[in-house]
Amino acid sequence: MKKLSKHSIKGFINYGLVIVLYIIFQILASAKVLTNSLQGLLVPICAYVVMALALNLVVGFSGELSLGHAGFMSVGAFTGVIIASSLKNLVPFGPARLILAIAGGAVLAAIAGVLIGVPVLRLRGDYLAIVTLAFGEIIKNIMNCMYIGVDSRGLHFSITDEASMGLEPGGTTIINGPMGALGITKISSFLAGIILIVITLFIIQNLVNSRAGRAIAGIRDNRIAAEACGIPVTKYKMMAFVTSSALAGAAGALYALNYSTVVPKKFDFNTSILILVFVVLGGIGNLTGSIIAAIILTVLPEVLRQFQDYRMLVYAIVLILVMIITNNEKASAFIKGLFSKKAKKEAA
Amino acid sequence: MTEIKAKKKQEVKLVSVPSPYIVPERNAGEPLVLEATHLGIDFGGLTAVDDFNLGMSKNEITGLIGPNGAGKTTVFNLLTKVYQQTRGTIFLGGKDTIGMSTTQMNRAGIARTFQNIRLFDSLSVEDNVKIGLHNSIDYGMWQGVFRTPAYRKQEKQAHEKAMELLSIFDMQDEANVPAGSLPYGAQRRLEIVRALATEPKVLLLDEPAAGMNPSETSELMDTISKIRDDFGIAILLIEHDMNLVMGICEGIVVLNFGRIIAKGTPSEIQNNPVVVEAYLGKNKENKEEKNPGKKGGKNR
Amino acid sequence: MVSYLINGISLGAVYAIIALGYTMVYGIAKMLNFAHGDVIMVGGYMAYCSTSYMGFGPLTSVLFSMLVCTILGIVVEKLAYKPLRGASSLAVLITAIGVSYFLQNAALLIWSSNPKAFPNLFDLPQVQVGDSVVTSVALVTIASCIVIMLALTFFTEKTKMGKAMRAVSEDRGAAALMGINVNSTISVTFAIGSGLAAVAGVLLCSAYPTLMPTTGAMPGIKAFTAAVFGGIGSIPGAMLGGILLGVIEIFAKAYVSTQLSDAIVFAVLIVVLIVKPTGLLGRKLTEKV
């Protein structure tokens with residue numbers, strides 16, 4: 001029982017962190033300290049935090065490397081946009097529409113997760129990673145040639161061009177191939193993002209500390225031993241993968257409904273990698289770390305704006321240095337030595 | 001096809017061993033919990049195990065011995081379906097296990113430990129045991145997420161059960177230690193506890209005493225006998241320590257080059273010239289001949 | 001039809017040359033070197049600069065870009081990857097991505113994001129093959145691919161260094177115990193891989209003459225796919241995977257849809273991996289129990 005309470009303390013720390021961050025950002029925003037661009041980042045930060053948490057469930061707890069999580073974000077994003085746009089008249093209340101859009105995005109991304117998980121989870125290690133990458137690219141490609149519109153008769157699809165959807169004169173195009181979704185009504189809000197983070201934390205933390213979570217971690221640590229303990233390996237790998245893709249879909253819907261336009265190219269390999277970087281820098285299996293890394297690394301390029309062209313170069317160097325310092329014994333000892341010398345000097 | 005099958009069955013009958021029991025005098029009439037008949041596996045063109053026959057009834061401890069590379073661990077891998085057999089049948093509780101996976105074999109009542117320890121290193125000792133208890137808990141994913149009363153009740157029971165099982169080896173105090181940081185001997189013991197948590201009818205122990213000193217080994221012997229008595233299960237163990245094998249096994253099966261070369265009681269095996277030859281080689285009739293127990297020292 | 005096939009093989013040959021670099025590095029360092037694609041881009045820019053600004057001839061410019069990329073490969077390995085030897089594969093992967101960002105953004109600073117028109121290095125006439133006309137670049141590409149393949153096979157089978165490389169990829173610890181200098185073997189592998197990437201860069205830019213800092217990214221990913229397709233770690237596998245991938249891509253573009261061609265390429269990869277989980281010529285992985 002002692003241990004249970006230890007888990008819940010860790011969990012409460014994360015909830016507390018999120019709420020404190022919300023209050024801080026709210027105060028900063030109302031005090032007009034935040035620049036416009038930083039203000040505009042609040043919802044994307046929330047979406048990236050949810051993405052990082054979701055990916056950590058797969059990479060950290062299930063121990064599988066996914067290089068295509070942006071694909072699920074994409075499925076969720078465009079599903080969310082379609083739902084929000086087609087329900088505009090039916091559900092005029094924005095937050096209600098947002099909830100439906102996020103839920104719909106999560107469900108469709110979960111279905112995509114099942115479809116992809118079945119073949120992918122048979123593979124191991126780097127082969128699994130490359131196939132998730134391939135699926136991410138396939139989703140991007142398919143989204144690139146999707147045309148979806150709505151009129152009084154309902155939704156219309158096409159994979160060739162806008163005209164072939166056969167929309168009525170009054171109909172609107174929601175997704176226009178490579179141009180993406182246009183004319184989205186922004187209904188996402190910072191508060192909605194924070195609530196989604198809390199829900200994500202609730203699901204992942206409670207899942208991890210349950211029977212299913214133990215099985216998932218057991219399979220990661222030693223698959224053969226888990227099988228010998230009577231654990232159905234595929235079922236639990238799927239559970240982690242599909243839960244993660246559903247959460248990624250929810251994050252995608254939140255993200256897309258914060259902008260007036262979203263293009264499929266946004267959710268490419270680079271985005272998948274960006275989220276993986278959050279997870280790895282925050283610490284694999286460390287949810288608090290994922291939250292902090294996602295926030296810092298989303299804000300950092302904004303803060304480095306004064307370096308203009310050099311900022312991405314600096315970002316790359318920081319990334320390499322952090323990996324070396326955290327993973328190389330000599331380097332980390334050197335850094336520690338520097339700090340302890342400083343501390344000694346200060347003490348003296 | 002059917003003709004060939006029928007032919008094979010006939011052949012099988014011809015070579016069939018008269019009694020599956022290793023020590024017929026002790027076990028005749030008892031129902032078999034585990035029975036393997038004509039079990040064999042080929043890797044490519046190489047036959048690793050062939051015509052392996054074994055019957056075990058409950059409350060029985062059997063030793064599986066043989067020189068290095070004789071195929072002992074392969075037999076364990078066959079019995080737990082880590083490898084699917086090329087030939088032969090495994091019956092568990094009288095039921096054919098054809099087509100079953102490792103997971104299903106465990107659920108059907110067979111649990112094992114591993115020669116090269118396979119614990120869930122990053123998880124706590126208690127969680128390792130709780131994974132063993134996985135199938136005796138049945139709340140679902142969402143009940144876990146929403147912490148329903150079923151979740152609370154079953155987790156509490158699992159905790160108590162895990163502690164009870166850990167007490168077999170006095171390991172309750174280490175419940176929160178990550179399994180990977182336990183000392184070697186304790187890791188072996190934890191593997192046994194975890195296997196017991198799956199409520200097996202048959203327990204396979206792969207070199208349980210490896211790396212233990214003589215006093216730890218004799219303690220382990222007592223515990224294994226106690227486990228057999230308390231849980232009423234059949235135990236099959238691979239071990240190089242002959243003191244342990246001769247001390248607690250009622251029956252012994254000797255394997256060499258993938259085939260059974262002898263079966264019988266400890267005293268029968270000790271005096272069997274074929275066994276001595278397998279261990280020491282031919283033409284080497286020296287003083288050690290009558291005491292293969294000395295070989296036990298080599299794995300220390 | 002024939003010209004599609006030849007163009008496909010030629011594109012595939014470029015993928016194959018890149019994939020060789022991926023596969024050799026993976027075989028020896030057990031790492032997915034995501035920065036490999038960006039070395040191609042550097043190779044392209046080097047050839048571009050040496051011909052446009054320094055007035056090098058075609059052959060000297062290729063050699064020059066190979067030299068620069070080889071040095072780049074060794075330097076990157078020493079600075080970024082060597083300190084991480086023994087670290088988790090994810091840490092190495094992220095570092096490789098960091099290197100990739102670095103190279104792309106450094107190129108962005110030096111050459112800006114405006115596409116550069118790559119000069120025509122191989123000023124040869126088009127060739128008539130049957131009823132169809134094929135560019136000479138395509139033929140040069142295929143020829144260089146064959147030469148590289150033969151040279152590399154000879155190198156790994158016959159030379160001392162090549163044998164050392166195979167030994168290190170088989171078992172690094174055992175190789176070190178046999179007196180093989182693992183560090184220098186890994187350096188040589190990176191050097192060869194990067195040199196090949198330079199060749200691939202020149203050939204790629206000759207066939208598709210626009211050069212941008214992101215030029216290497218997509219061919220890099222596809223060549224990586226090709227390496228996995230053929231069985232990562234296997235040199236003939238990389239060759240086979242690369243050529244099949246190129247042919248599939250060109251045919252998908254010609255007969256199905258330009259937009260969906262990448263999706264088709266990746267879908268084929270997935271199907272292959274489901275049927276053969278370690279690629280076409282990959283070795284079966286067995287876990288000792």
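**Close-up views of a predicted model**

**View 1. Confidence along chain C of the predicted model.** Among the elements of chain C, the lowest mean pLDDT, 73, belongs to strand β2 (residues 127-129) of chain C, and the highest, 93, to helix α3 (residues 58-81) of chain C; pLDDT is the predictor's confidence in each residue, from 0 to 100. Helices (H or I, at least four residues) and strands (E, at least two) are DSSP runs, numbered from the N terminus. Chain C averages a pLDDT of 89, and 98% of its residues score at least 70. Where pLDDT is low, the predicted coordinates should not be read in detail. The model scores ipTM 0.86 and pTM 0.89. Residues are numbered from 1 along each chain as its sequence is written, while chains are lettered from A and ligands numbered from 1 in the order in which they are written. Because this is a predicted model, local features need pLDDT of at least 70 and side-chain atom pairs count only at pLDDT 80 or more, whereas totals for chains, interfaces and linings use all residues.

**View 2. The fold of chain C.** Chain C has 11 helices and four strands, and its C-alpha atoms fill a box of roughly 55 × 45 × 35 Å, taken along the principal axes. Of the 289 residues in chain C, 54% are buried, a residue being buried if 20 or more other C-beta atoms, placed from the backbone, lie within 10 Å of its own, exposed if 12 or fewer, and partly exposed in between. Among contacts in chain C between residues at least 6 apart in sequence, 75% join residues at least 24 apart, a contact meaning that the C-beta atoms of two residues, placed from the backbone, lie within 7 Å.

**View 3. The surroundings of C:Gly21.** C:Gly21 is found in helix α1 (residues 2-29) of chain C and counts as buried because it has 32 C-beta neighbours inside 10 Å. Not counting residues up to four places away in sequence, C:Gly21 touches C:His36, C:Gly193, C:Ser194, C:Leu196 and C:Ala197. C:Gly195 lies 174 residues from C:Gly21 in sequence, yet the two are 8.6 Å apart in space, C-alpha to C-alpha.

**View 4. Helix α12 of chain A.** The 17 residues of helix α12 (residues 287-303) of chain A should span 24 Å at 1.5 Å a residue, which agrees with the 24 Å between its end C-alpha atoms; the expected span of a helix is 1.5 Å times one less than its number of residues. Buried residues in α12(A) include A:Leu287, A:Ser290, A:Ile291 and A:Ala293.
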